[in-house]
Protein chains: 2
Amino acid sequence: MKISNIDLSSYPNSEKIHVKGSLFPIEVAMRRVKQYPTVKIENGERVEYPNEYIVIYDTSGPYTDPNIRIDLNKGLPRDRERFIEQRDDTEVLPDITSDYGRMRRDDKSLDAIRFPIHHKPRRAKEGKRITQMHYAKKGMITPEMEYVAIRENLDNAQRGIPTYITPEFVRDEVAAGRAVIAANVNHPEAEPMIIGKAFSTKLNTNIGNSALSSGIEEEVAKAVWSCYWGGDTLMDLSTGDNIHETREWIIRNCPVPMGTVPIYQALEKVNGKVEDLTWEIYRDTLIEQCEQGVDYFTIHAGVLRKHAQLVKERLTGCVSRGGSIIMQWCVAHNEENFLYTHFDEICEILNKYDVAVSLGDGMRPGSIHDANDKAQFLELDVLGELTDVAWSHDVQVLIEGPGHVPMNKIPANMEKENVTCKEAPFYTLGPLTTDIAPAYDHITSAIGAAIISALGTSMICYVTPKEHLSLPNLEDVREGVIAYKIAAHAADLAKGFPGANVRDNALSKARYEFRWKDQFNLSLDPEKAKRFYLETRRNAPDADDRFCTMCGPNFCAMRISQNVVDKCDENHEV
Amino acid sequence: MKISNIDLSSYPNSEKIHVKGSLFPIEVAMRRVKQYPTVKIENGERVEYPNEYIVIYDTSGPYTDPNIRIDLNKGLPRDRERFIEQRDDTEVLPDITSDYGRMRRDDKSLDAIRFPIHHKPRRAKEGKRITQMHYAKKGMITPEMEYVAIRENLDNAQRGIPTYITPEFVRDEVAAGRAVIAANVNHPEAEPMIIGKAFSTKLNTNIGNSALSSGIEEEVAKAVWSCYWGGDTLMDLSTGDNIHETREWIIRNCPVPMGTVPIYQALEKVNGKVEDLTWEIYRDTLIEQCEQGVDYFTIHAGVLRKHAQLVKERLTGCVSRGGSIIMQWCVAHNEENFLYTHFDEICEILNKYDVAVSLGDGMRPGSIHDANDKAQFLELDVLGELTDVAWSHDVQVLIEGPGHVPMNKIPANMEKENVTCKEAPFYTLGPLTTDIAPAYDHITSAIGAAIISALGTSMICYVTPKEHLSLPNLEDVREGVIAYKIAAHAADLAKGFPGANVRDNALSKARYEFRWKDQFNLSLDPEKAKRFYLETRRNAPDADDRFCTMCGPNFCAMRISQNVVDKCDENHEV
């Protein structure tokens, strides 16, 4: 199918399957790749040996489900709504709570760009906490927990192999704060997923317009596109016009949890004048976004007034947008960061909608030179303190991490985060392992992301080839997502995550047996793999070419190797 | 300038410089990037602060030297010839030694494709060994050793900062076998370079036609192109027509050491029939290539007959072309590998021309499943044994390594190589850290290459996006080289190699100060960085845009950060 200008037909020989829950009436969507049989010639006869289906973690949501009709004007099915209702601890509000949200709704000039359907917001009933962490601490297993347990088990579930990942295990990890299920009650379109070191490594993608670019349709298409290629979560970092309306379109059509940095929009509301920011404007922005369905907020509550002077010692100062805004505010008012001073109130808002907090690293290093410096690690100490505060309100916590870090300094980041933030899931941007490769920073950072994920980071924020230079287009999003799928998967292999190697083994077997189409279909990007293959190959991969293109027909190592093995078999010796 | 269809003008604001030796009359070429001044407004006045030149290791040879006229039909200047002559331990032979070489020379039908100039071959005088290792063990410092010492010091040399890398240190490392200067006396066109863990990490590129592709002109252009982007050495892996003549063209125009896998050509000589391979044909091929000027040979002498049965336990068998050929030969003849049984004779040939041996890993794993298995590590034991043999003949040794290896199994490779092969430079292909990303294997392998280099691997063999699928075109070569420059440089930063961070710091300073052109010019690929920038930027980078394209004008973290620092300075407090 096609959405806007994007083509969602790059996964041949795949089908959507649904694995049923045993505790709850849930259906967990996965992608299954069918393989061709292995063909052998035995005693002059052609014999076929079937190859099993391979099940793949699927972030593409209903967009690849032929049984669901996609209509961007209606949004995705709101599957999770019934479970939220059944818990009976929320209520549908008669009206939007945010002043700004109501103002936008009542502005007739926005009708033309508004998402056509208005869903009334849902919030915890008076006195209730409705976060997954709250339930987990109470010993409750939710449908969301069973959903992610099945989803993480993947191939093993398919093969009936039990692993440690049970609903009860999920509950335990969420209760301890070691894992996060970001699932705002106002975003029932999203399929539950889990972020935590005991689970498969996740990747976040960023989209969003800026003053220099791009329209609503383009942003929605980018969101769908990034999920299609494998983005596990999505941050809308828009800073241009109509942020509120753009976000509504994206959330209603987004099958994965979505995050924002609310200070960006708060600043838009005061026309970019940092000095004019107030707690009241920020608070209204939080509520506005909670009621739209944002699943996690990046909040730079760890940047303190006293940190500003440390920036002077740096080569590249403060490279976090949110962090620099807060720093400027603190200096202008000579006051402490209002996100820090109001952090309890923030948590009391978040636990009414089940929005997770992603504690921003405003002091992340923007260059190799500044890695692991005092400013960075002092902020991490504050994030540890705030983690305790959030958890005391049953708010789920992610900890954001760097940035630009040379390989030898990466382990200290993970170690310090583990101790200071008590194993709250670490969520890092890369890190980039050198500064000298603009236009290739998806690679400089995939190296760092793979290393830090193998050490226990739970989610990595993608970087595209356009980082530092420009805004990514669709092709850049694809390149960035695939680079990060590689990093995440390489880390899962290194961690020994259950079943992670099933896909590698199947693809390598297909490769060794010259089942070219299976090799493509099992890869992260079947379309590109096939396209590259066809560049120097005269025949389509249907042809039974028993050599690889690198070697050519006379020299194919794998064919020779097979012949030798056959020969050994004949001789019963070597 | 342009060579064939390739454009060598991607490094703006750069100039070639030459650093003179103090022991020998050598001139070591480097590239120097000029920077624009930092502009500040002080008391309403525009003040310029100059930024220093940044010196960059330069593998592009005379192709970027405006004072040298390039004529592919004449080949590059043979600068090193005079030092070889002065040593007075070699002689120019009256004729080509190899039967095959003479046959090709006398074949008139090849005149049209033959390199126009014939240089008579040079060889050690009777009873002499002429390897850099031989000189080093005798306590001799050669011009090549001083050359590489200066070359490795780079920025430090420019700034007058002494490091540990002296000519005497180089001699010591070469004598101990921990470093290799691959410098055949018949390839005086190449600029000396050094491969060893105490030095900057090097990268090798592969080119070469196969039966499915490509002409001589295209291969020469690819060779130049790969050096231009940063390839430190070059392997010609041709397996198609006219290997001998193609190689001559490449060597005569190649400013970096060139390697081959002689068994490929030997097999061509017996029309691809492995059974017909003989020691005599192989030996003649070695001599043919020694006299053309090949600097290092991959020789799969560590594949033993008994290893063949271990292949049966593997998912992807033997994926080394050379290794599989040898295995097939052993099985067909029921004899031991003739490269192993004749290894002393091989070394006695190599030390007459100073050709290094790169001990091939015929049993390298071709999939995550097969990593670190018995076949692989048993072969590594044999390579350790052969290292001693080669060193006893004063032949320089590289050890080739995997392959496909998950991140958690990478350290064991380096540790075992260090012990078994006594720190002979490790030279690895990647390793690829997952199997599931054909079309992106420059990334899967750059991750592994960065990790293993940081652990002490001396040279990494690049992988292009076309790996497993197709033969690389020029754009793929560029992508592969840059991915590996990133891996190598990230490793140098992690190892704390002297001066490695100078370029990162300069580029990051330029970035922070919005000196866009300097940011591009200091990057690994200035042309692409600028092109990406211009995609969403309305103005050329000449415009003094004091914000980055990612953030847009209202939100630029770096500008806000600078304003805050200025404000702090004004207030003398925060």
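Eight strands of chain B close into a barrel. From one strand to the next, the twist averages 25 degrees. Keep in mind that this is a predicted model.

Now look at one pair of neighbours. Strand β18 of chain B covers residues 426-429, and strand β19 of chain B covers residues 459-461. These two pair in the parallel sense over three bridges. To find the place, look for Tyr427(B), which stands opposite Met459(B) in β19(B).

Helix α7 of chain B, residues 243-252, touches β12, β13 and β14 of chain B. The direction of α7 makes about 160 degrees with that of β14(B). Helix α13 of chain B, residues 374-392, packs on the sheet as well, touching β16 and β17 of chain B. The direction of α13 makes about 170 degrees with that of β17(B).

Next, turn to where the chains meet. How many residues of chain B are in contact with chain A? There are 105, and they are in contact with 105 residues of chain A. The size of an interface is often given as the accessible area lost when the parts come together. Between chain B and chain A, the buried area is about 9200 Å². Carbon and sulfur atoms give 71% of that area. The count of salt bridges between chain B and chain A is two. A salt bridge joins Glu535(A) to Lys466(B), with the closest N and O atoms 2.6 Å apart.

Over all chains, the count comes to 88 salt bridges. Glu27(A) and Lys20(A) meet through their side chains, at 2.4 Å from N to O. Glu27(A) has 40% relative accessibility, so it counts as partly exposed. Lys20(A) has 61%, so it counts as exposed. Arg46(A) and Glu48(A) also meet in a salt bridge, at 3.3 Å from N to O. Arg46(A) counts as exposed because its relative accessibility is 54%. Glu48(A), with a relative accessible area of 45%, is partly exposed.

A further salt bridge links Asp388(A) with Lys422(A), the closest N and O atoms being 3.0 Å apart. Asp388(A) lies in helix α14 of chain A, while Lys422(A) lies in the loop between α15 and β18 of chain A, so the pair ties together parts that are 34 residues apart in sequence. Asp388(A) is partly exposed at 38% relative accessibility. Lys422(A) is partly exposed too, with a relative accessible area of 31%. Salt bridges can also join up into a network, as with Arg78(A), Glu81(A), Glu189(A), Glu248(A) and Arg252(A).

Finish with a helix in chain A. Helix α18 runs over residues 501-512, twelve residues in all. From its first C-alpha to its last, α18 of chain A reaches 16 Å. That is close to the 16 Å expected at 1.5 Å a residue. Is α18(A) mostly enclosed or open? Ten of its twelve residues are buried, so α18(A) is largely enclosed by the rest of the structure. Among the buried residues are Val502(A), Leu507(A) and Tyr512(A). After the helix comes Phe514(A), whose phi is positive, near 55 degrees.

Methods
Residues numbered from 1 in each chain as written. Chains lettered and ligands numbered in written order. Predicted model: local features only at pLDDT ≥ 70, side-chain atom pairs only at ≥ 80, totals over all residues. Heavy atoms only, no water. Helix = DSSP H or I, 4+ residues; strand = E, 2+ residues; numbered from the N terminus. Expected span 1.5 Å × (residues − 1). Buried < 20%, exposed > 50% of the residue type's maximum accessible area, 1.4 Å probe, protein only. Pairing = 2+ DSSP bridges. Axes fitted to C-alpha atoms, helices over the stretch in contact; angles between N-to-C directions. Contact = heavy atoms within 4.5 Å. Buried area = accessible area lost by both parts, 1.4 Å probe. Salt bridge = Lys/Arg side-chain N within 4 Å of Asp/Glu carboxyl O.
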